[in-house]
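Student: I am new to this structure and should like to go through it step by step. May we look at it together?

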Amino acid sequence: IQVLENELFVELPIKLSNSPEEHTKKIDEQPKITLINNACLLFEWKNFRLITDPWIEGPIFLGSFTNYPPNQISISDLPKIDAIWISHEHSDHLNEHSLTFFDKNIPIYVPNYDNKRLEIILKKYGFRNIYSMENGETKNLSDQIKITSYFSGSVWNDSIQLIQFGNFKILNLNDAGFNWKIKDEHANVDIVCTQFTGPGSSYPLTWENLSINQKRGIITKTNEGFLEWLKQIVEITKTKYLLPFANFLEIYHPELIHY
């Protein structure tokens, strides 16, 4: 770390692959990706179907938020699901109501936070095949599909997933931010899936001490900051595609809905 002309510069250790295979690899058949809602993605590849963070129906956070725009896909519309990934405990990711409609024998993969807390919760929901994954641990979902869990490092116990269909790499950040250590292990990915605005919150819209212009200014600055962050993620991961998602919410609480 050094200060130059009143600016702070931090040099981060980075490993750059010199392998030409990273840049000239032949891409396997690409998976079909469907955005169900918010952070819920459906990946379909060679008759295998993986769904992530299935919040599909009903409000979240004690009735405070709902889907926006309204969801066009219901749980009954889904094909047979072979595996579920849940990134963290927030109810727009770990949604008890939506999970009640899934077969309880479906394998579910979760990060191991707080002594298998997510696994314990899912067992209470009736699920039987739950795999708690450590930071950096990889699980094979099939012969050619594997998933690696990375802790985000945030206070919210969020997690990030690297999903590989053959040699096609998908980095699913959902709304967990970015773990900068991932770049050392995966300098090139094919798709990054990430939130595109600030977290779901009634701030600043419902704060009565702020004017309309102040509220607009806060939202604008937040979104401009996220746009710059997205550009950095693209540069760091050298991704071919960016999928903005995990932010489709609207205020739903009866006392706040008029905002």
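Student: What is the radius of gyration of the chain?

Tutor: The model under discussion is a predicted one. For 259 residues, a compact globule would have a radius of gyration near 18 Å, and the chain agrees with this expectation. Along its principal axes, the C-alpha trace spans about 60 × 55 × 35 Å. The radius of gyration of the chain is 19 Å.

Student: How many helices and strands are there in the chain?

Tutor: Among the contacts with a separation of 6 or more, 58% are accounted for by residues 24 or more positions apart. Buried residues make up 43% of the 259 residues. As for the elements themselves, the chain has 5 helices and 16 strands.

Student: What distance separates the end C-alpha atoms of helix 5?

Tutor: Helix 5 covers residues 212-237, which is 26 residues. At 1.5 Å a residue, the helix should therefore span 38 Å. The distance in the model agrees with that figure, the end C-alpha atoms being 38 Å apart.

Student: Which strands are included in what covers the buried residues of helix 5?

Tutor: The buried residues of this helix are K215, F226, W229, L230, I233 and T237. Just after the helix, K238 takes a positive phi of about 55°. The cover over the buried residues of helix 5 includes strand 13 (168-174), strand 14 (191-194) and strand 15 (241-244).

Student: Is T194 buried or exposed?

Tutor: T194 is located in strand 14. Leaving aside residues up to four places away in sequence, T194 touches L173, N174, W229, L230, L242, L243, P244 and F245. Its relative accessible area is 0%, and a residue under 20% counts as buried. T194 is therefore buried.

Student: Is V3 buried or exposed?

Tutor: V3 lies in strand 1, which comprises residues 2-4. Its relative accessibility is 59%, and the cut-off for an exposed residue is over 50%. V3 therefore counts as exposed.

Student: Which residues make the nonpolar surface patch of about 570 Å²?

Tutor: The accessible surface of the chain comes to about 14400 Å², and 51% of that surface belongs to carbon and sulfur atoms. V3, in strand 1, is one of the residues in the patch. The residues that make the patch are I1, V3, L8, V10 and L12.

Technical notes:
Residues numbered from 1 in each chain as written. Predicted model: local features only at pLDDT ≥ 70, side-chain atom pairs only at ≥ 80, totals over all residues. Heavy atoms only, no water. Patch = residues over 30% accessible without salt bridge, like charges linked within 9 Å, V, L, I, M, F, W, Y side chains within 5 Å. Areas by Shrake-Rupley, 256 points an atom, 1.4 Å probe, with all protein chains shown as cover. Salt bridge = Lys/Arg side-chain N within 4 Å of Asp/Glu carboxyl O. Helix = DSSP H or I, 4+ residues; strand = E, 2+ residues; numbered from the N terminus. Buried < 20%, exposed > 50% of the residue type's maximum accessible area, 1.4 Å probe, protein only. Rg over C-alpha atoms; globule rule 2.2 N^0.38 Å. Contact = heavy atoms within 4.5 Å. Expected span 1.5 Å × (residues − 1).
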